[in-house]
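Me: I have a model open and want to learn how to read its features. Can you take me through them one at a time?

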Amino acid sequence: MPSSPMIDSDASPPIFGGERDSMDPTKSMETWQDDEIETIVDRYGPRLLAYATRMLGDPAAAQDAVQETYLRLCRESPVAIRDHLSAWLFSVCRSRVIDWQRRGRKTESLGDRPVTQQTVEVEESLDQQSDQQRLLESIETLSPRQREVLLLRLQSNLSYKEIAEVTQMQIGNVSYHMHAAVQALRKKLAPTS
């Protein structure tokens with residue numbers, strides 16, 4: 001009688017089309033590579049920091065919130081968040097900002113802080129500085145939701161869909177708050193006759 005090849009009863013069936021890869025625990029536990037983290041920090045860092053600074057009014061607290069966001073990123077599986085990374089980062093950062101605010105930390109008025117971290121060039125006219133000051137003061141008078149949606153859109157360049165994910169609002173609500181914010185700013189900044 002010819003000998004039959006030995007069959008390993010513990011062997012897994014062949015995988016076609018990657019069906020089993022999604023259930024493989026080693027695939028879901030993939031970790032971020034150092035160069036990926038560097039790229040993410042370079043790409044999103046300034047926007048996250050600007051967002052947190054505008055929301056908290058305290059650059060040191062904002063830096064802490066962003067740092068905690070990166071620490072959380074390092075603990076998450078890239079597979080789970082890679083497809084919606086921008087919204088995920090801003091959502092986590094927003095949670096850190098809210099935590100900071102709930103702890104009762106003092107936040108200061110942002111009336112004299114620039115919208116971006118870039119310094120205003122010396123050559124700018126006093127009129128431009130005055131206009132910027134009026135804009136910042138007007139933004140401060142918006143409701144917290146309007147201000148947050150406006151900053152996420154204009155400063156962080158997130159889409160309405162990403163803003164909806166970050167703030168856990170419907171896209172229609174994001175659109176409503178954005179429209180209301182723009183209308184309020186137009187009214188406040190309209191030239192007086």
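**Reading burial, charge and rings**

Reply: Start with a single residue. Ser-77 has 12% relative accessibility, so this residue counts as buried. Keep in mind that the model is predicted.

Me: Where does Ser-77 lie in relation to the helices?

Reply: Ser-77 sits in the loop that joins helix H3 (59–75) to helix H4 (78–81).

Me: How many residues separate Ser-77 and Glu-30 in sequence, and what is the distance in space?

Reply: The sequence gap between Ser-77 and Glu-30 is 47 residues. Their C-alpha atoms are 5.7 Å apart.

Me: Now the overall fold. How many helices and strands does the chain have?

Reply: Count 9 helices and 0 strands. Read from the N terminus, the order is α-α-α-α-α-α-α-α-α. The chain has 193 residues, and 34% of them are buried.

Me: Next, salt bridges. What is the general idea?

Reply: Side chains of opposite charge can pair when their charged atoms come close. The cut-off here is a side-chain nitrogen of Lys or Arg within 4 Å of a carboxyl oxygen of Asp or Glu. Searching the whole structure gives 7 salt bridges.

Me: Which parts of the chain does the Arg-96 and Glu-68 pair link?

Reply: First the contact: the side chains of Arg-96 and Glu-68 form a salt bridge at 3.7 Å, N to O. This pair links distant parts of the chain, with Arg-96 in helix H5 and Glu-68 in helix H3, 28 residues apart.

Me: Which other residue forms a salt bridge with Arg-96?

Reply: Asp-99 does, with the closest N and O atoms 3.1 Å apart. Asp-99 and Arg-96 are 3 residues apart in helix H5, so about one helical turn separates them. Asp-99 counts as partly exposed, because its relative accessibility is 25%.

Me: What is the N to O distance between Glu-76 and Arg-72?

Reply: It is 3.3 Å, and their side chains meet in a salt bridge. Glu-76 is partly exposed at 24% relative accessibility. Arg-72 is partly exposed too, with a relative accessible area of 30%.

Me: Which residues are linked in a network of salt bridges?

Reply: Look at Glu-30, Glu-36 and Arg-82. Salt bridges link these residues in a network. Glu-30 already came up as the residue 5.7 Å from Ser-77, C-alpha to C-alpha.

Me: Which residues gather in a patch of negative charge?

Reply: Asp-34, Asp-35, Glu-38 and Asp-42 gather in that patch, on the surface. Take Asp-34 as an example. Asp-34 belongs to helix H2 (residues 34–56). Its relative accessibility is 65%, so Asp-34 counts as exposed.

Me: Last, the rings. How many aromatic pairs are there?

Reply: The count is 1 aromatic pair. The ring centres of Tyr-51 and Phe-90 are 5.8 Å apart and their planes meet at 70 degrees, so the pair is edge-to-face. The angle cut-off for that label is over 60 degrees. The pair links distant parts of the chain: Tyr-51 is in helix H2, Phe-90 is in helix H5 (residues 85–102), and 39 residues separate them.

Me: Are Tyr-51 and Phe-90 buried or exposed?

Reply: Tyr-51 is buried, and Phe-90 is buried as well.

Technical notes: Residues numbered from 1 in each chain as written. Predicted model: local features only at pLDDT ≥ 70, side-chain atom pairs only at ≥ 80, totals over all residues. Heavy atoms only, no water. Helix = DSSP H or I, 4+ residues; strand = E, 2+ residues; numbered from the N terminus. Buried < 20%, exposed > 50% of the residue type's maximum accessible area, 1.4 Å probe, protein only. Patch = residues over 30% accessible without salt bridge, like charges linked within 9 Å, V, L, I, M, F, W, Y side chains within 5 Å. Areas by Shrake-Rupley, 256 points an atom, 1.4 Å probe, with all protein chains shown as cover. Lys, Arg positive; Asp, Glu negative; His and termini not counted. Charge placed at Lys NZ, Arg CZ, Asp CG, Glu CD. Phe/Tyr/Trp six-rings, centres within 6.5 Å; stacked < 30°, edge-to-face > 60°.
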